[in-house]
Amino acid sequence: MTDKQTPKRYLDIIENQLSIYKKSSTIQLINKIPNTNKIPIENENHWLKIPNVICVFVDMIGSTKFSAQSYDRSTASAYQFFTGTAVRLFNEFETPYIDVRGDGVFALFNSNQTYRALASAITFKTFVEKIFTKEVKRSTDFDIGCHIGIDQKTVLVRKIGLKQYNNRTDRQNEVWAGKPINMAAKLASLTKAGELLVSDRFFKQLKNDLVLKSCGCPHGEKQSLWTSIDLRANAQFDFATGYKLNSIWCKIHGSEYCESIINLDKN
């Protein structure tokens, strides 16, 4: 590109970014997700590396039925109800990082928060099935549900954008490079309403019968909760198997189980 093809003030930006690209990046290994104010932005070649980050990804099924032009109030209310509840629930489950993407939300958990991450997903799944879907159906006559996916793998993170612009810091964002967010979103896209799909590498971390088997209601016999899904024919995944969960928290034992599952995590 030359200044004959592109005005120089824009060409200068492109050339500066090219020079950054040609420099070697530095990678700093850390053991947990940092506070956002600790994620680097100053040194444009410096990234943080965090092993085994867990991503819980949720988004609405059927949101395209809404039209901001034709159903502006219903659209606004449903989006707020869905994403607002997701953010607040994930926050209460002590996720270190939350991001909103349109009608979707993802929460990132540290490697020692396996059971907390799963409990947060089941709690949100229970909310969607017992409250959100019914309330939206009642007020709009639309059938709206939720996709949910979970994956776990190493990520790189840094802030990209402008550190400050006219005394504002809203022209920057955290960029998470790596598999788990992308894979969790793709797993979620395969689910129907009432399903949660996780990768085999996340599922392998689940060792306790509290999350592998039911509580026994209503007949007192505990059943396996998970079904394996063969993903080998799907080239978008870098693992061979997913595991699907259909159940929500039990009406009798759910609260007790949720607290017990959270306490399985090692601090």
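Q: Is proline 40 buried or exposed?
A: Buried means under 20% relative accessible area, exposed over 50%, partly exposed in between (1.4 Å probe, protein chains only). Proline 40 has 12% relative accessibility, so it counts as buried. This is a predicted model: local features need pLDDT of at least 70, side-chain atom pairs count only at pLDDT 80 or more, and totals for chains, interfaces and linings use all residues. Residues are numbered from 1 along each chain as its sequence is written, and side-chain values use heavy atoms, with hydrogens and water left out.

Q: Where does proline 40 lie, and which residues is it in contact with, leaving aside neighbours within four places in sequence?
A: Helices (H or I, at least four residues) and strands (E, at least two) are DSSP runs, numbered from the N terminus. Proline 40 sits in the loop between strand 1 (26–29) and strand 2 (46–61). Contact means heavy atoms within 4.5 Å. With those neighbours set aside, proline 40 touches His46, Leu48, Arg158 and Lys159.

Q: Which strands pair with strand 2?
A: Two strands pair if DSSP finds at least two bridges between them. Strand 1 pairs with strand 2 in the parallel sense, over four bridges. Strand 5 (residues 145–161) runs antiparallel to strand 2, with twelve bridges. Strand 4 (residues 104–109) is also antiparallel to strand 2, over six bridges.

Q: Why is strand 2 described as largely enclosed?
A: Of its 16 residues, 13 are buried, so strand 2 is largely enclosed by the rest of the structure.
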